[in-house]
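Me: I'd like to learn how to read aromatic pairs in a protein model. Can you walk me through it?

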Amino acid sequence: MKQIYPVLVLLIITSCVQKKEKIMYPETKKQDVTDVYFGTKVSDPYRWLEDDNSEETKAWVEAQNKLTQSYLEKLPEREVVKERLQQLWDYPKVTAPFKKGELFFDYKNTGLQNQSVLFVKKSPEDEGEVLLDPNTLSEDGTVALNVLSVKSDGKLVAYSISRGGSDWNEIFVRDIETRKDLTDHIKWVKFSGISWYKDGFFYGRYPEPKSGDALKGENKNSQIYYHKIGDPQEKDALVYEDKDHPGWGFNAQVTNDESYLLISVTESTSGNALYIKDLKSGGEVRSIVDGFENDYAFMDYVDGSLLFLTNKDASNYKLVSLDPRKKSVVMKDVIPESEGVLEDVTCVGGKLIAEYMKDARSLVKVFSKEGNYLYDIDLPLLGTAEGFLGEESDGFTFFSMTSFTTPGNIYKYDVASNKTSVFSRAEIDFDSDLYETKQIFYQSKDGTSVPMFITHKKGLSLDGNNPTLLYGYGGFNISLKPSFSVTRLIWLENNGVLAIPNLRGGGEYGEEWHKAGTLMQKQNVFDDFISAAEYLIGEGYTNSDKLAIQGGSNGGLLVGACVNQRPDLFAVAFPAVGVMDMLRYHKFTIGRYWATDYGTSEQSKEMFDYLLAYSPLHTVKEGADYPAIMVTTADHDDRVVPLHSFKYAAELQARVSDANPALIRIATNAGHGAGKPTAMVIQEYADLWAFAFDKFGLSFKRDL
């Protein structure tokens, strides 16, 4: 229900753009460090910032944060934007229920809770009772729930938590009836599922990191273990490892009838091998797919056949089956490749529910178990559908539906009747009827047609003067589908434009689209993003003085590279937790896994030259007028370690002109992004948007 706010919030607050006074950046020492690649010398004067545990680096971080906070404290819109973000954020949120045994589970958040709470209930309609509240696990809300696995009988739940945003996880086990944790406690888990088998579960872990390196670790020598409930971790049984390939990663999953253990083997973010172990008859782990040329994702075990989603001979993916009882590995097509990208398949109510993506929007089809097409599910809006979890015997399932202006409404789907009904709607203080989203297709530099979602108020004047946020990613087969974000509503309420292009490198059009933005074709991603900006300006949405760009992780690399290539095109840039040193990224934590998208500097002279030509750290232009930049990272990011942002910010501050600020905001006790407490996220985005509004010379207003 909409709330009435004081008249004061209706007033347009007078903007007080900061004067362009020279910013006195903290001194960053330079060292004489040089690497030689194929005869080419490359200086790395800020190498010392790679050690984020050193006292020198800690002092540098403290000085940078002090400068950034002193700058942000002077922004006239900061507190007003924060207040509005809190108002928007403060609405009840709930996930789609899922069933295990005779019980149902979902996550709820009353509004401003730092972490969502896990509930258990006897029926989907019940209010339920708290099973696990991660907000009680830390005073500052920085402990987050990650993997959750309920035992098939619904009596126990194994769950993993992360602390301070780290990718390192700890596993605990809770009795669902008593709501009490058992004695089980497992450490040094990373990127692992939890798969129940009999009176325990399989999980993946790494050896305990060396003393002093607990945050990062080597991330090598992945192992699969079996843990029996009640045992200390020291007694866990080693199930599989491969000492000859310390860089390979393993993840274990048990079929729903506990007949087989499947192990996915990876050496990068693309492609995986598959191993299998017969749990009933015993025997050794054996291979069913060798090599890493294609993706194989286990979907289900139905009528004696293993079902996998794969892109082998199918750029848009297909569903195949395998009979594990036969020694010869023969995969048969169940759902062949089609025009849309097949993303997920579940077997519910005796039918296969297949989630597709077509032009970056959801499309859901229903098939028989034999793979015969039956009909489409009528989705309530153009956006992103997620869920459809359940067992083959279940008669119904649930899914959520979101768009850029619609939060996660929950729907119930009756499998037998093919009927969808509203289960719950999110009530938020935002009138989505005032806004519209359209999908356009623009031409990139090489003539490729690229889709882009554009959201703004209905009737917005295309006078070329609207504040615009352009967000991109373009990598690792990840697709940017319509999604709801409270943080972006601030832009829309202030006559802003939200633009999200589906750049090459993503998965919006299958593996071919992905590969078109990798390795020696990575420049296509930057060209796509730059062309999106040029389209927005050319069509009258905005101009270069009102255009902000944002991206995180691989998207941070995108922003950094595009700013260096076209500093004239943007007014504000927000590179978040970005991969900025393309010559050394693979030397830290899991960076080596990204080589299939990026290549490495040691791979060949051709690859080295290509990486050097766009690496954000190495291509900052001396004395150029750059947009206002706020780099963001976190001290506990053990995925894209903060050294990337540290070195990049130091280079910006040393080389670019004084026309605009080049600041870095370093979150403490936080990681790559997931699991951040609500309060921390709100403050971060209040800082970002106030920074942009100040640069644009805009005042914040709240439209009712």
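Me: How many aromatic pairs does the count come to here?

Reply: A pair of aromatic rings is described by the distance of the centres and the angle of the planes. Rings of Phe, Tyr and Trp (its six-membered ring) pair if their centres lie within 6.5 Å; planes under 30 degrees apart count as stacked, over 60 as edge-to-face and the rest as tilted. By this rule, you get 40 aromatic pairs. Keep in mind that this is a predicted model, where local features need pLDDT of at least 70, side-chain atom pairs count only at pLDDT 80 or more, and totals for chains, interfaces and linings use all residues. Residues are numbered from 1 along each chain as its sequence is written, and side-chain values use heavy atoms, with hydrogens and water left out.

Me: Okay, how are F98 and F105 arranged?

Reply: They're stacked, with 5.5 Å centre to centre and 25° between the planes. The rings of F104 and F396 are stacked too, since their centres are 6.4 Å apart and their planes sit at 10°.

Me: Which strands do F104 and F396 lie in?

Reply: F104 is in β5 (residues 103-109) and F396 in β29 (residues 396-402), so this pair ties together parts 292 residues apart in sequence. Strands here are DSSP runs (E, at least two residues), numbered from the N terminus.

Me: Is F104 buried or exposed?

Reply: Buried means under 20% relative accessible area, exposed over 50%, partly exposed in between (1.4 Å probe, protein chains only). F104 is buried at 7%, while F396 is partly exposed at 29%.

Me: Which residues do ring pairs link into a cluster?

Reply: Look for Y71, W491, F574, Y685, W689, F691, F693 and F696.

Notes: Helices (H or I, at least four residues) and strands (E, at least two) are DSSP runs, numbered from the N terminus.
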